[in-house]
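Here is a short walk through one protein model. Keep the structure in view and follow each stop in turn.

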Amino acid sequence: MTMTPIQPLHARTGQPLGEPLPTATNAQIDAAVDLAHAAFASWQASDGATRGALLRALAAALEARRDTLVPLADDETALGPVRLNGELDRTAFQLRRFAALAEAGVPFTALDDPAVPGAPPVGHPALQRTRVPLGPVAMFSASNFPFAFSVLGGDTASALAAGCPVVVKAHPGHPRLSLATFELIGQVLQASGLPAGLIVGVLGGVDAGVRLIRHPRIAACAFTGSTRGGAALQAEAQARPRPIPFYGELGSINPVIALPAVLATRGAELATTLAGSITLGCGQFCTSPGVLVLIDGDAAQRAGNDAFVQALGDALRAAQPHPMLTPGMRRAFDTGVAAWWAAGAQPLLNESSSGPAPRPVLAQVDAAGFLQHPALRDEVFGPAALVVRCGSIEQATALLAAVGGSLTVTLWGAETDSADARRLVRAAMAMAGRVLFGGVPTGVAVAAGQQHGGPWPSSTAPMTTSVGDAALDRFLRPVALQDAPAWLMPLHGRV
Ligand code: NAP
């Protein structure tokens, strides 16, 4: 079977960058999974020090190759060296954080429930609830985080810490960077005396991804990307003869609700901050604020909200977004904005633009229009935001319910306990993975308390997170050992 090569593109010009790169054949994809499967036997039994040493070596290698990797990433993504250096730092931090968790024994924790004499239900046998790694994980890199959600990103780091090998499908938006990262990984594995199958790379298109997720030896899938792509791959994961867990981190519109009182005192500052968040990275963040909800309770509040929208539009007009990641994303941005106009949104800022860098877009609609048109609740990936004007807190909560699922909701002005504040917080917690009471949603801290993943359509597994320490839990399955022999108990399932 012939596979179409991938032509790397210069993100700033859309022109070809170097030679087309060969993609994996079906036989090569199968061989990659077999290699990962072979590595699983020893890796699932490895101790925390071994896992930690590998993750730390990968972090150090990433940092040591910074001068090569960042320019490669910049050519293919146009994200700029400042952002990319920061993202590389974050990726090394994540690798070391999961190293520390493995070294501290987090993947090997177990709950001992000693036998209780007597008849059930009070009496029961000795039980040890422990966890085992799932097996080889198929990992799909995202285009918009070439380091942190790509080859050596959080999915790979957390799966390895949990004891699972990873087969990475590189994103075709940054294939040269991905190949350089695979090369670095190969050197680290060899120098560490570890099996090559612990992290295996695959370059290919949609067919390659489908082949990978259908492979019987793949035990789970971690995906970061679009809602459409995630839905298609989740269906594949479920349609297998043996369905597997699918952890999809998808798109999100991240509503920001700004109460009139906070805008009356801090409107100018917040307009600048919000415009910065909408245009950050050319709006190509899953946490980009795509919807701003304003409550026009009375005439004074309406006037204050009008002033805020004016200031927001001015700040957006002054912004100069950089080129988008790929020509396909640039086209998708125009299509998404056109869908807003078709659904009756009023353009507040809509300057024409051509070429790889879009102009920021600001639109407005009333609550009834937002509720009526599902297209207004779709993610528009890029520097665009929709202002929704509503008349009451009840309407604002109805808007959140209509959105259904989001990685984040930001509430500005809920500092004081009140029935309205509680109503808003309840509505936000019902549909978001993270609720912010200050600042903007872009920027996801890598920390123990983090939750990155909300109800559909923002993720396929809202009980889990892809960022933060708990990301590791996705790749471990609980097992209860009943009346286990004494030799087995201290091993906590690591045999
Ligand atoms: P994407 O277009 O969905 O691509 C992601 C990966 O999935 C690519 O390897 C792609 O392969 C593959 N893919 C897409 N559709 C497929 C299908 N039907 N069958 C098999 N494979 C398929 O997403 P992206 O452009 O990389 O990322 C942008 C999106 O990701 C945005 O919506 C953004 O909000 C979201 N995102 C979410 C998070 C989060 O943490 N929740 C983080 C970053 C980004 P091909 O390219 O070969 O088609």
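The crossing of α2 and α5 is right-handed. This is a predicted model. Helix α2 covers residues 48-64, and helix α5 covers residues 154-162. Their axes lie 9 Å apart and meet at an angle of about 160°. Angles over 145 degrees count as roughly antiparallel, and α2 and α5 are therefore roughly antiparallel to each other. Which residues make the contact? From α2 come Arg51, Leu54, Leu55 and Leu58. From α5 come Ala157, Leu160, Ala161 and Ala162. By class, this contact of α2 with α5 holds seven nonpolar residues, no polar residues and one charged residue.

Stay with α2 and turn to α6. The axes of α2 and α6 come within 10 Å and cross at roughly 135°. That angle makes α2 oblique to α6. The crossing of α2 and α6 is right-handed. On the α2 side, the contact is made by Leu54, Ala57, Leu58, Ala61 and Leu62. On the α6 side, Leu184, Ile185, Val188 and Leu189 take part. How does the contact of α2 with α6 divide by class? It has nine nonpolar residues, with no polar and no charged ones. Look again at Leu54 and Leu58 of α2: they belong to the contact with α5, and they also belong to the contact with α6.

Now follow α6 to another partner. Helix α3 spans residues 66-77, and helix α6 spans residues 175-192. The axes of α3 and α6 come within 8 Å, crossing at roughly 155°. That makes α3 roughly antiparallel to α6. Helix α3 brings Leu69, Leu72, Ala73 and Glu76 to this contact. Helix α6 brings Pro175, Arg176, Leu177, Ala180, Thr181 and Leu184. These residues divide into seven nonpolar, one polar and two charged.

**Around the ligand**

Next, move to the ligand. How many residues are around the ligand, and which come nearest? There are 29, and Lys169, His171, Ser226, Glu379 and His452 come nearest. Zoom in on some polar atoms. Serine 226 places a polar side-chain atom 2.5 Å from an oxygen atom of the ligand. Glycine 225 uses its backbone: a polar backbone atom there is 3.0 Å from an oxygen atom of the ligand. Glutamate 249 has a polar side-chain atom 3.5 Å from a nitrogen atom of the ligand.

**Backbone details in the loops**

Finish with the backbone. The peptide bond from proline 120 to proline 121 is cis, and its omega is near 10°. Where does proline 121 sit? Its place is the loop between β1 (111-113) and β2 (127-133).

Another cis peptide bond joins tryptophan 456 and proline 457, with omega at about 10°. Proline 457 lies in the loop between β14 (432-436) and β15 (476-482).

The last stop is alanine 78. This residue is not a glycine, yet its phi is positive, at about 60°. Alanine 78 is in the loop between α3 and α4 (81-103).

Definitions and conventions: Residues numbered from 1 in each chain as written. Predicted model: local features only at pLDDT ≥ 70, side-chain atom pairs only at ≥ 80, totals over all residues. Heavy atoms only, no water. Axes fitted to C-alpha atoms, helices over the stretch in contact; angles between N-to-C directions. Helix = DSSP H or I, 4+ residues; strand = E, 2+ residues; numbered from the N terminus. Parallel < 35°, antiparallel > 145°, perpendicular 65-115°, else oblique. Contact = heavy atoms within 4.5 Å. Nonpolar A, V, L, I, M, F, W, Y, C, P; charged D, E, K, R; others polar. Left-handed = near helix turned anticlockwise from the far one by under 90°. Near = heavy atom within 4 Å. Polar contact = N/O pair within 3.5 Å; in protein donor to acceptor, adjacent residues only side chain to side chain.
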